[in-house]
Every structure is written in structure tokens, then in C-alpha cells.
Amino acid sequence: MFWKSKEEKRAKMRQHWGIPRSDRVGFGLIDKYHSLQPAAHGNHRHNDQTSADLDFEDLFRFCDHTTSAPGRQYLYHRLRMGEYDKNTARTQEQWLVEVADEAPLRTDLRLALSRLAKVEDYFLP
């Protein structure tokens with residue numbers, strides 16, 4: 001879809017805020033980043049059987065409101081790792097609340113990240 005002006009792009013972003021993604025990129029591309037990451041000490045990965053038992057792909061589709069290919073891969077990785085650190089979670093939650101309350105900032109961030117939404121962006125280093 002081609003938008004003529006930056007303001008039209010922002011309006012489209014605002015219109016789609018909170019709506020799950022409708023595109024169907026294969027999980028092989030989404031899983032690329034996760035499969036290349038070593039398990040951190042003390043963390044565990046949800047193995048493929050556990051993920052299948054949890055209907056993980058359906059869960060991921062429900063949670064996925066990302067704008068960029070790297071963002072989608074990172075969300076997938078975080079969910080598959082099952083890691084939890086109170087300090088990290090608290091910091092991320094504060095940042096998310098701040099961004100959620102600032103509609104212009106949120107829209108500008110989504111607009112910038114949308115430039116990384118092509119299939120080839122799943123292969124960024």
C-alpha cells in the first residue's frame with residue numbers, strides 16, 4: 001500500500017493500533033533469530049514439543065502487534081525463552097506505559113520501524 005504523505009502514514013498507523021497483524025509470514029523466518037541465539041545461563045527454551053502442546057503459533061499470532069520483522073523475531077524469541085527477570089520486566093513495563101501514553105511518539109516509532117517490514121529484513125544480522 002502506498003501512502004502519499006507522512007501524515008497519511010501516521011493516520012494509517014493510528015487506525016491500525018492494537019489490531020493484530022494479518023500478514024502470514026512463515027514461522028521459519030520468524031524463528032531464524034531465536035534458533036541462532038544461545039540459551040543464556042539460568043534460562044531455558046521452550047522446546048518444540050512444549051511449544052506445540054501450548055499451541056504456541058496461535059498464541060504468538062494473538063500477541064503479535066509488532067511493526068518490523070526484527071521486532072517480530074525478538075517477540076517470538078522472548079516468548080520462546082520463557083525468561084523472567086523482575087528488574088528487566090519493571091524497566092520494560094515503565095517504558096511501555098510511557099510510549100503507550102504518548103500517541104505521537106508511539107506513531108513515530110511505529111512509522112520508523114515499518115521500514116523494516118520486508119521479507120529480506122528477517123535476515124538482518
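The notes below begin with the basis of the model and then go from the whole chain to single residues.

This is a predicted model, in which local features need pLDDT of at least 70 and side-chain atom pairs count only at pLDDT 80 or more, while totals for chains, interfaces and linings use all residues. Residues are numbered from 1 along each chain as its sequence is written, and side-chain values use heavy atoms, with hydrogens and water left out.

**Overall fold**

- The chain has 7 helices and 0 strands, where helices (H or I, at least four residues) and strands (E, at least two) are DSSP runs numbered from the N terminus.
- Along its principal axes, the C-alpha trace of the chain spans about 45 × 30 × 25 Å.
- Of the 125 residues in the chain, 23% are buried, with buried meaning under 20% relative accessible area, exposed over 50% and partly exposed in between (1.4 Å probe, protein chains only).

**Largest pocket**

- The largest pocket has a volume of about 1000 Å³; a pocket is an open set of points on a 1 Å grid over the protein atoms alone, where a 1.4 Å probe fits, with protein on both sides within 12 Å along at least five of seven lines, and its volume is the space filled by probe spheres set on the points, which are joined across faces, edges and corners.
- The lining of the largest pocket, made of residues that have an atom within 4 Å of a point, comprises 27 residues, of which Thr-66, Tyr-74, Leu-75, Trp-95 and Leu-96 lie nearest the pocket centre.
- Two or more lining residues come from each of helix H5 (69-81), helix H6 (86-101) and helix H7 (103-113), and H6 gives the most, with 8 residues.

**Nonpolar surface patch**

- Trp-95, Leu-96, Leu-105, Leu-109 and Leu-113 make a nonpolar surface patch of about 460 Å²; patch residues have over 30% relative accessible area and no salt bridge, and nonpolar side chains (Val, Leu, Ile, Met, Phe, Trp, Tyr) are joined within 5 Å.
- A salt bridge here is a side-chain nitrogen of Lys or Arg within 4 Å of a carboxyl oxygen of Asp or Glu, and accessible areas come from the Shrake-Rupley method with a 1.4 Å probe.
- H6 and H7 each give two or more residues to the nonpolar patch, with H7 giving the most, 3 residues.

**Two single residues**

- Leu-105, placed in helix H7, counts as partly exposed because its relative accessibility is 40%.
- Gly-71, placed in helix H5, counts as partly exposed because its relative accessibility is 26%.
- Gly-71 and Asp-85 are 14 residues apart along the chain, and their C-alpha atoms are separated by 20 Å.

Notes:
Patch = residues over 30% accessible without salt bridge, like charges linked within 9 Å, V, L, I, M, F, W, Y side chains within 5 Å.
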